[in-house]
Amino acid sequence: MGVDDSISYPEDNGIQMQIYRKPVYDEERGYWYLGTGVYYGNLVNGKKEGNGWAILDFAPQNSPGSYRKFDGVWKNNAPNGSGELILVNIAEERQEITVGNYTDGLENGHMVKISSHPGIAIQWDYDSIMGVRQKKGEDLYGDGSYVYSYGIYLDDEHKNTSGNPSASVSEGVICGIPGWSTE
């Protein structure tokens, strides 16, 4: 298979299984790598259209056992509509679930993220406009980052503690599903 190629079975329109490769740029680490994945859902003229899910194997070498799964609405071969993005990192025993609306793979609308590690779970609520998380607070660490959500502890051990955690992101970071933004 070449870059951006896919293999579909069966080869007609309708519900299909598709295996694909897609180049992905990792902004945090500053390099490109070739992502692979599996899609199961509706295809129209070889493009993802309608409801479906994809397991996105975009785990760089330093994160073995990590994967993302998007389950939701697809249009024009990308996540476009409501859906759920699940990130699983087996090595760190961490899982994040982000539910909301996506436009061309970018967060777009009200989003809810639940992050869990052994013994702790936090829910974040925030708004994004075309991948840009909206500010709820100013520069957090003096490094150009800003607060976009104040979390709520969901686990029993931390639920009644004061000082809920805040989540931040650096200015200029576009948030969404790796490999599916149209940039």
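The points below take the salt bridges in turn.

1. The model is predicted. Side chains of opposite charge can pair when their charged atoms come close. In this structure, five salt bridges are counted.

2. One of them joins K113 and E96, with a nitrogen-to-oxygen distance of 3.7 Å. K113 belongs to strand β9 (residues 109-117) and E96 to strand β7 (residues 94-103), so this contact ties together parts that are 17 residues apart in sequence. K113 has a relative accessible area of 11% and is therefore buried, because buried means under 20%. E96, at 18% relative accessibility, is buried by that rule.

3. A salt bridge also links E107 with R133, whose closest N and O atoms are 2.9 Å apart. Distant parts of the chain are linked by this pair, since E107 lies in strand β8 (residues 106-107) and R133 in strand β11 (residues 132-133), 26 residues apart. Both E107 and R133 are buried.

4. K135 and E171 form a salt bridge with an N to O distance of 2.8 Å. K135 sits in the loop between β11 and β12 (137-139), while E171 is found in the segment after β15 (166-170); the two are 36 residues apart, and the pair links distant parts of the chain. Are these residues buried, partly exposed or exposed? K135 is partly exposed, at 42% relative accessible area, and E171 is partly exposed, at 48%.

Notes: Residues numbered from 1 in each chain as written. Predicted model: local features only at pLDDT ≥ 70, side-chain atom pairs only at ≥ 80, totals over all residues. Heavy atoms only, no water. Salt bridge = Lys/Arg side-chain N within 4 Å of Asp/Glu carboxyl O. Helix = DSSP H or I, 4+ residues; strand = E, 2+ residues; numbered from the N terminus. Buried < 20%, exposed > 50% of the residue type's maximum accessible area, 1.4 Å probe, protein only.
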